[in-house]
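Dear colleague,

Please find the structure below.

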Amino acid sequence: MPRLSTLICLTAATTAHGFIAPAPLRAPSGDVSLRKGVLSMSSVPKDEPRQKTQKTWQELGEALANPFTPPQDKPALLSDLIGMREDIAASVTKVLNRESKPEEELLGPIGKRQLKAQETVRRQLRDDILPSARETLEELRERARSSDSRPDPQEQFRRLQGLVTDRLDELTASGKPPTLPEPQKLARDIAQEVRNVFQSTPEGLEQPPYTVSVANPEFEVREYEAFTVARRDMVGVKPGTNRTFAEGSSFNTLAGFLFGDNDQDMAMAMTTPVFVERGGGEEAMSFVIPKEKEGDVPVPRDKTVRIEEVPAARYAVREFAGFVTDAEVEYQRQQLLKDLEEEGYEVEGGGVTVAQYNPPYTLPTSRKNEVLIRVGEKRVGEKEKE
């Protein structure tokens, strides 16, 4: 990413008259004003003027390099970027003179987020995932050596054959061929899923409503409105145990309910995030029910799924990228508790909720995960009382 930003800034400093660069290595004197840049992610009708917003050259550079920026918007972005060559030269000068770090001067918000995400994923792999994978592999080897039973290939084939046959029977039960999606809609859906590989927040998925009351670089405080969820307890999950099976089983059961395994055979839209409550008693996974269905939620066929309303509440939220492991959740929880203590917030309860926003195929550095802790009012310090 730093190389890309450097390439952009050098390209923007090039004009038809040659390469423009500051002669001495010193920043331009006086204040450098930023001209307004165009950053539109969708086409604008010709009869309507473009809406201009104040953007830094780093943000314009990221928009220009973004493969999902509409091609018709890129000439205007490039024009605005070239017009800001003085700002680009000032940033490059600071880096060359070692007045600022390259990532601070040359990266925009997306690049800085990606850099932080890379550091997070690297730490997760080094301290948690790879050591855990080695222990799991040794455990599987030990089980294989101590077990006398071996899977029967013929029995496995018969089971697979039965699953395929059952599925074909379901598709042909009505006597009509299955309905195929419209080609245009299918193409839009595929394009959307491709974009979701790189995006921290998936497109087109409803989220529970909230407002941000406090925001700072490390965490934010949200005021959530009440919303409805489908919840399933995760039985058998204990500290130090592998939760993969329990979470996978709960996810599949809840997804099945959402997609039609209910008394109305009603398929509902997928939502985000998936909530997992940890600590403070039993652990559970929850899917958010779409707002339009809250008044008419179908009854789950699976009795382990409960429909519940989550009351309005205030939560402190800390975001992180990468993988959701036990060690990472505990690390993020401790960091959030430390920040809340410093800011004077009252923590309510001893549990933590984990929110996961992305499908499993999203790049680890682009994933958006959160830890949420319920908080009360902010304590008033002695200085504030005076």
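In what follows, buried means under 20% relative accessible area, exposed over 50%, and partly exposed in between, with a 1.4 Å probe and protein chains only. Helices (H or I, at least four residues) and strands (E, at least two) are DSSP runs, numbered from the N terminus. The model is predicted, so local features need pLDDT of at least 70 and side-chain atom pairs count only at pLDDT 80 or more, while totals for chains, interfaces and linings use all residues. Residues are numbered from 1 along each chain as its sequence is written, and side-chain values use heavy atoms, leaving out hydrogens and water.

Strand E5 (residues 227-233) is mostly covered, with six of its seven residues buried. E5 runs antiparallel to strand E8 (residues 305-310), and six bridges join them; two strands pair if DSSP finds at least two bridges between them. Within this pairing, Val229 has Glu308 of E8 as its bridge partner. E5 also pairs with strand E7 (residues 284-288), again in the antiparallel sense, over five bridges.

Arg374 lies in strand E12 (residues 369-378) and is partly exposed, at a relative accessible area of 34%. Setting aside residues up to four places away in sequence, Arg374 touches several residues, among them Tyr315 and Glu346, where contact means heavy atoms within 4.5 Å. Asp339, in helix H10 (residues 326-343), counts as buried because its relative accessibility is 13%. Beyond its neighbours within four places in sequence, Asp339 is in contact with Glu218, Phe219 and Arg318.

With kind regards
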